[in-house]
Every structure is written in structure tokens, then in C-alpha cells.
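Subject: Structure for you to look at

Hello,

Here is the structure I said I would pass on. Please open it first, then read the notes under it.

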Amino acid sequence: MQDAAAKPLTNGTEYIESLRGRNLKVWYLGERVTEPVDHPVIRPSVNAVARTYDLANEDPHLATVWSSLTHQRVNRFLHITETVTDVVDQNRMQRKLGQLTGTCFQRCVGMDALNSLFSVTFDIDEAHQTAYHQRFRRFVTRMQELNYVIGGAMTDPKGDRAKGPSAQADPDLFVHVVKRTEEGVVLRGAKMHQTGCLNSHWIVFMPTMRLTPADRDYAVVAAVPADHPGLTYIYGRQSCDTRALEGGEIDQGNAKFSGQEAMIVLDDVFVPNECLFMDGETEFAAALVERFTAYHRRSYVCKTGVGDVLIGAAALIADYNGVSNVSHVRDKLVEMTHLNETIYGAGIAASHESKPTSAHNYQPDDLLANVCKHNVTRFPYEMARLAQDLAGGLVATLPSEKDFENEETGPLLRKYLKGREGVSAEDRARALRLIENMTLGRNAVGYLTESMHGAGSPQAQRIQIARQMNLEEKKELAKNLAGISTYDGVTERK
Ligand SMILES: Cc1cc2nc3c(=O)[nH]c(=O)nc-3n(C[C@H](O)[C@H](O)[C@H](O)COP(=O)(O)OP(=O)(O)OC[C@H]3O[C@@H](n4cnc5c(N)ncnc54)[C@H](O)[C@@H]3O)c2cc1C
Ligand code: SF4
């Protein structure tokens with residue numbers, strides 16, 4: 001494994017420095033980006049990950065944990081859960097980071113991938129006498145020692161959604177093995193919507209769906225260093241992203257932090273055996289996807305931390321508008337809080353209901369995790385609607401920061417855009433821009449669209465909920481209380 005000489009990262013500044021000079025092949029707006037860390041559009045996403053390092057120093061109880069792999073405290077994002085409390089504390093940390101950044105801080109996909117792979121590699125070894133689990137433990141141990149960021153790459157381009165990987169017209173529409181040697185495998189394909197991939201040190205590639213025996217070459221899990229020369233990154237656009245190129249900060253709404261997604265293309269990437277954690281065991285792809293999504297769907301309590309910021313911004317603008325004590329305004333803030341806490345309630349309950357796996361880490365409750373994520377596909381949209389309701393139309397028609405600075409228009413804006421006495425037009429503009437950022441702009445990607453599709457589109461959760469709703473048992477409960485004792489039309493008198 002690479003990085004033999006690397007030093008552990010101890011804070012956000014060292015983390016940012018560790019990303020420099022890696023010569024990643026990154027494209028944005030049709031041009032090659034030479035140093036992503038210094039690109040004004042990309043930098044806020046780097047800052048969001050750096051915040052996870054700094055939180056670990058500010059609140060080690062929340063964001064670090066004792067690891068029995070390294071026998072030292074490690075960043076919670078790299079920890080393999082050893083107790084129910086470990087799973088619950090992931091959620092607490094996620095909420096806090098949502099509050100601190102107001103966006104996606106990008107490290108949970110890797111955290112959830114590590115935890116689901118821990119038990120899946122164990123189960124594959126039990127079934128096939130392979131050596132994946134020990135390899136995987138060595139990989140995780142090294143990542144914990146170095147305090148690295150791991151990206152989790154599951155979603156393939158998928159082409160014709162009615163067909164599986166091996167039935168596609170183009171075999172590369174799902175990541176697959178194109179060559180096997182004694183030393184390892186060669187991968188080709190692409191992954192979509194990859195959160196924080198440029199900000200990662202290593203990326204773990206995984207299959208995205210249940211596979212059949214015909215899909216053997218697609219049943220591959222592999223860790224690849226993010227600076228592997230065979231990887232190309234094509235950066236996703238976010239609504240209003242180029243405001244970061246305009247100078248100033250007010251119009252950006254949240255100038256410091258943003259999320260990050262990019263498409264990754266794998267052009268014949270060689271993976272040595274030591275970084276290979278599944279190769280051909282198609283029957284374990286479904287278990288991996290299900291365990292990963294159980295983790296990741298309750299990780300979406302991150303959105304409640306972001307929701308706390310949005311509720312705060314909505315309360316702030318109502319206050320600036322002089323209507324904070326009006327009954328319908330307070331009721332809308334109550335409704336936003338109710339929706340936000342409903343998401344959190346289901347997520348943290350899923351974590352509290354975690355059970356040990358055969359590999360002795362802890363796995364959250366699948367039904368509750370899916371309920372959490374399903375709420376996330378809906379409630380942030382309603383909360384965004386309520387925030388825009390309280391913000392007024394100016395959230396979408398506010399003139400720019402440059403017009404405030406202009407000597408002719410500035411005084412007019414400061415006069416006409418004041419709210420209640422004692423509140424400057426500039427503070428009002430800042431609150432409005434934050435709401436715009438979270439509901440229409442850059443961070444709406446994380447707060448809304450990611451809430452909809454990240455960790456699976458809504459139907460994926462409904463399928464899991466349907467599988468576990470246990471209707472027959474519930475019908476028996478109803479029959480018992482209703483005094484019904486028929487079975488298939490035959491009456492049995494009790
Ligand atoms: C902001 C953001 C961040 C993300 N981060 C990551 C990440 O870090 N890592 C990662 O691996 N993935 C990530 N994802 C990907 C996410 O998991 C996918 O977007 C999600 O699984 C949906 O896949 P898709 O986007 O290809 O949509 P599609 O599959 O095209 O789905 C579109 C619609 O079609 C429906 N549909 C699709 N296929 C079928 C079918 N066979 N039968 C019936 N209906 C179907 C879906 O239910 C949905 O309604 C991220 C996504 C977003 C938006
Ligand atoms: S969407 Fe939430 S859970 Fe997923 S990586 Fe971003 S912050 Fe973490």
C-alpha cells in the first residue's frame with residue numbers, strides 16, 4: 001500500500017496541505033484545474049471537510065473514538081463501530097457538522113462504506129475461504145493511522161435502467177474488471193455524483209445493485225488512491241457556483257462552505273490484491289448495498305444540522321422584517337422544527353436499535369434507517385418552502401452586492417431595503433442570501449437534491465419499507481382484537 005512515509009494529519013490546515021500538488025486530472029467548465037484546493041469554486045468544499053478535522057480537536061468526545069484496530073483515538077469518520085453508542089454518536093457528530101457548515105461535509109459515505117464492508121468481507125471469507133477481511137482490516141488500520149479521508153463510490157452511470165450491468169449495450173456503464181493477473185485486477189468504467197471525491201485521499205469503489213452470476217466482473221470492491229493517474233474527475237456544476245468567481249461574499253450566501261460532487265472515470269486502473277475486497281462474489285453485492293444503505297440512510301440526519309441553520313435563518317429574517325411574534329410566523333417555525341426533529345428521531349432511533357454483525361461491529365436498524373431517509377426526501381423541501389414563505393420575494397429578486405457598493409445605487413438600496421428599525425439592509429441581505437443559498441443556490445444541491453437522491457431515490461426506500469412492513473403479523477394483531485378467527489374462509493371458533 002502507498003503512503004508508507006506519510007505522516008498522520010492532525011488538523012484542518014494539515015488536511016488542506018495534504019491535498020496540494022497531487023496532480024489530479026480535474027475538469028471544470030471545460031478546463032483542466034491545476035490545483036483544486038485553490039480554485040475559488042472548489043475551495044469551500046475543501047473547507048467543509050477541513051471542519052471535520054478541526055471538530056475532532058475542539059470536541060474529541062464527539063468526533064474521535066478509541067479504536068481497537070490502532071489502539072488509539074481516531075477520527076470517528078474512520079472508526080469501525082464497536083458498540084451501539086458508536087453508531088448513535090456518528091449521528092450526533094453529523095448533526096453538529098451540519099450546523100457548523102450548513103452543507104454536506106462529505107465524509108459519511110466513506111464512513112458508512114467502511115462499516116458495511118467490515119461485515120461483508122467477513123461473511124465472504126466465511127463462505128469462500130477468501131482473505132478479504134484481514135486485508136480490509138489492514139487497509140482501515142492504515143487509514144485510521146494516517147487520519148485520511150475516504151470517498152465511497154457506489155453509483156454507476158447505469159445506462160438503460162431496465163437492464164443489469166452485463167446486459168448493457170456498453171459494458172463500461174458499470175465499473176468492472178477488464179483484466180486479472182496474479183498481482184491484482186484492472187478496472188474500467190465510471191462512477192457518478194461522487195461526493196467529496198477530490199477531497200479524499202482514497203476512494204473505495206463498490207457495486208451499486210444486486211447482481212446475477214452473469215455480472216461476475218461487476219462484483220468488485222477496490223480501494224484506489226484518489227491521485228491514481230487512471231482517474232479523471234469531471235466536476236459537477238452547482239446552481240450559482242460561479243458567484244464564487246465574482247469577488248465579494250454576500251451574494252454567495254455561504255461563502256465558506258459547500259458540498260462537492262464529481263463524475264469519476266476509471267481508465268484501466270490497476271488495483272493490487274491487497275486493495276481488493278471483493279472479486280466475483282456476486283451473491284454478496286445485495287448484502288453490501290443493503291448494509292451500506294442502512295448505514296447511509298440514517299446518516300442523513302446530517303440534514304437536520306443543516307435544517308437547524310435554515311430554521312435559524314428563517315427566524316432571523318422574520319425578526320428583521322419585524323414579524324417575529326406574529327402567530328402564523330411562529331407556527332411556521334414550529335412546523336419546520338417538527339419536520340426537522342422527525343427526521344432526526346427516525347435516524348437516531350435506527351442507530352439506537354443497532355445489532356452486532358457476525359464480524360462484531362454494529363449495524364443500524366434497516367427499517368428505521370429507510371424511514372429516516374424517506375422523510376429526508378420530503379421534509380427539507382417543505383422546510384425550504386416555509387423558509388421562502390417567511391423570507392418574502394426578495395430572496396429571489398435582491399440586487400447584487402456590487403449594487404450595494406455602487407455609489408449611485410448603494411444609498412437607494414440601503415434606504416429601501418431596510419427592515420425593522422435597528423437592522424441594516426446589509427444584514428437583511430446576508431440572511432436572505434443564506435436562505436437563497438440553501439434553497440435555490442449552491443447548498444440546495446446538498447439540502448434538497450442530495451436529500452432526494454443521495455443514498456438512493458425515494459422508491460428505493462419504499463421497496464425496503466415494503467419488504468419489512470410485516471403485514472401478515474399486523475393483520476393477526478387486528479384480527480385478534482376484532483375477534484376474527486377465520487383463516488382462508490374457514491371459521492375456527494375459539
Ligand atoms: C448530491 C448527490 C450526492 C451523491 N453522492 C454520492 C456518493 O458520494 N457516492 C455514490 O455512490 N453515489 C452518490 N450519489 C448518487 C445517488 O445514490 C443516486 O443519485 C441515486 O442512487 C439515484 O441514482 P441516479 O441518480 O442514477 O438516478 P436514476 O437511477 O436515473 O433514477 C431516476 C428515477 O428513476 C427511477 N428508476 C431508476 N431505475 C429504475 C428501475 N430499474 N425501475 C424503476 N424505476 C427506476 C428512480 O426511482 C428515480 O425516480 C449522490 C447523488 C446526489 C444527487
Ligand atoms: S449528504 Fe450528509 S450523510 Fe452524505 S456525506 Fe454529505 S453530510 Fe454526510
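**Aromatic pairs**

The count of aromatic pairs comes to eight, where rings of Phe, Tyr and Trp (its six-membered ring) pair if their centres lie within 6.5 Å, and planes under 30 degrees apart count as stacked, over 60 as edge-to-face and the rest as tilted. Before the details, note that this is a predicted model, in which local features need pLDDT of at least 70, side-chain atom pairs count only at pLDDT 80 or more, and totals for chains, interfaces and linings use all residues. Residues are numbered from 1 along each chain as its sequence is written, chains are lettered from A and ligands numbered from 1 in the order in which they are written, and side-chain values use heavy atoms, with hydrogens and water left out.

One of the pairs is Phe136 with Phe139, which is tilted, with 6.4 Å from centre to centre and 35 degrees between the planes. The two residues are three apart in helix 6, so about one helical turn separates them. Helices (H or I, at least four residues) and strands (E, at least two) are DSSP runs, numbered from the N terminus. Phe136 is buried at a relative accessible area of 0%, and Phe139 also has 0% and counts as buried. Here buried means under 20% relative accessible area, exposed over 50%, and partly exposed in between (1.4 Å probe, protein chains only).

Phe139 also forms a tilted pair with Phe277, at 5.6 Å centre to centre and 45 degrees between the planes. Because Phe139 lies in helix 6 and Phe277 in strand 12, this pair ties together parts that are 138 residues apart in sequence. Phe277 is buried, as Phe139 is.

What is the order of the strands in the open sheet of four? The order is 5-8-9-12, and the pairing is mixed; two strands pair if DSSP finds at least two bridges between them. Strand 5 (150-153) and strand 12 (276-279) are at the edges with a single partner strand each, so one side of each has no neighbour in the sheet. On average, neighbouring strands of this sheet are turned by 20 degrees against each other, direction ignored. Axes are lines fitted to C-alpha atoms, for helices over the stretch in contact, and angles run from 0 to 180 degrees between N-to-C directions.

Helix 6 (residues 132-146) packs on this sheet and touches strand 5, strand 8, strand 9 and strand 12, where contact means heavy atoms within 4.5 Å. The direction of helix 6 makes about 145 degrees with that of strand 12.

Strand 5 pairs with strand 8 in the parallel sense, over four bridges, and Gly152 has Val204 of strand 8 as its bridge partner. Strand 8 (residues 202-205) and strand 9 (residues 220-225) run antiparallel and are joined by four bridges; there, Phe205 is partnered by Ala222 of strand 9. In a regular strand the side chains alternate between the two faces of the sheet. In strand 5 both faces are covered, with Ile150 and Gly152 buried on one side and Gly151 and Ala153 buried on the other.

**Around ligand 2**

Which residues are around ligand 2? They are Cys104, Phe105, Gln106, Cys108, Val109, His296, Ser299, Tyr300, Cys302, Lys303 and Glu450, each with a heavy atom within 4 Å of the ligand. Helix 5 (108-128), helix 7 (285-299) and helix 8 (302-320) are the elements that give two or more residues to this shell. By class the shell has six nonpolar, three polar and two charged residues. Ala, Val, Leu, Ile, Met, Phe, Trp, Tyr, Cys and Pro count as nonpolar, Asp, Glu, Lys and Arg as charged, and the others, Gly among them, as polar.

Most residues other than glycine have a negative phi. Leu29 has a positive phi of about 50 degrees; this residue is in the loop between strand 1 (25-28) and strand 2 (31-33) and is partly exposed at 46% relative accessibility. His193 has a positive phi of about 55 degrees; its place is in strand 7 (residues 184-195), and at 56% relative accessibility His193 is exposed.

Regards
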